[in-house]
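Keep the picture open as you read, and look up each residue when its name comes up.

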Amino acid sequence: MFSKLKQIKDLRNQAKSIQGLLAQEKVEVTAAWGKVKLVLSGNQEVQEVSIDPELLTPGKKGELESALKQAITEANKKVQKVMAEKVRSS
């Protein structure tokens, strides 16, 4: 029983270590030909959002929504790859 508790504690410590490493990673993606930029940490926290003022004008709502969706999807894919690499290497 105590060995299982030690294994759980070790796994928890390993997870915290990986989480710390991921916090140092940054993933940057752009969408809509560079008009939307998104930066995520390795822990999938949004660090920065940049939107070209052209997309903030009336009539561009659909284009902006599409660009944000594309950027978020791509950023999440990149972060998942980074996470998988960190887990494999630890």
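In this predicted model, the largest nonpolar core is built from 16 residues. Val29, Val36, Leu38 and Ala71 are the ones with the most contacts inside this core. Helix α2 gives the largest share, with six residues.

Which residues does Val36 touch, leaving aside its neighbours within four places in sequence? Its contacts include Val29, Thr30 and Ala31, and also Leu64, Ala67, Leu68 and Ala71. Ser50 and Leu55 complete the list.

Now follow the chain along strand β2, which covers residues 36–41. Strand β2 runs antiparallel to strand β3 (residues 46–51), and five bridges join the two. As one example, find Val39 and look across to Glu48 in β3, its bridge partner. The hairpin of β2 and β3 has four residues between the strands. Among the residues of this hairpin is Gln44, which takes a positive phi near 65°.

Strand β2 also holds Ser41. Is Ser41 buried or exposed? Ser41 has a relative accessible area of 3%, so it counts as buried, since the limit for buried is under 20%. If we do not count residues up to four places away in sequence, Ser41 touches Leu22, Ala23, Glu25, Lys26, Gln47 and Val79.

Next, let's look at charged side chains. As a general rule, side chains of opposite charge can pair when their charged atoms come close. How many salt bridges does a search of the whole structure find? The search finds five. One of them joins the side chains of Glu54 and Lys35, at 3.0 Å from N to O. Glu54 sits in the loop between β3 and α2, while Lys35 sits in the loop between β1 and β2, so this pair ties together parts that are 19 residues apart in sequence. The two partners can be described by their accessibility: Glu54 is partly exposed at 34%, whereas Lys35 is buried at 18%.

Another salt bridge brings together the side chains of Glu63 and Lys60, with 3.5 Å from N to O. Glu63 is partly exposed, having a relative accessible area of 30%, and Lys60 is partly exposed as well, at 23%.

Then there is Lys61, which forms a salt bridge with Glu65; their closest N and O atoms are 3.2 Å apart. Both residues belong to helix α2, and because they are four residues apart there, about one helical turn separates them. Lys61 is exposed, with a relative accessible area of 59%, and Glu65 is partly exposed at 44%. Elsewhere, salt bridges that share partners join Lys35, Glu54, Lys60 and Glu63 into one network.

Which residues make a nonpolar surface patch of about 350 Å²? Phe2, Leu5 and Ile8 do. Ile8 is part of helix α1, which spans residues 2–24. With a relative accessibility of 46%, Ile8 counts as partly exposed.

How values were computed:
Residues numbered from 1 in each chain as written. Predicted model: local features only at pLDDT ≥ 70, side-chain atom pairs only at ≥ 80, totals over all residues. Heavy atoms only, no water. Pairing = 2+ DSSP bridges. Patch = residues over 30% accessible without salt bridge, like charges linked within 9 Å, V, L, I, M, F, W, Y side chains within 5 Å. Areas by Shrake-Rupley, 256 points an atom, 1.4 Å probe, with all protein chains shown as cover. Salt bridge = Lys/Arg side-chain N within 4 Å of Asp/Glu carboxyl O. Buried < 20%, exposed > 50% of the residue type's maximum accessible area, 1.4 Å probe, protein only. Core = buried A, V, L, I, M, F, W, Y, C linked by side-chain atoms within 4.5 Å. Contact = heavy atoms within 4.5 Å.
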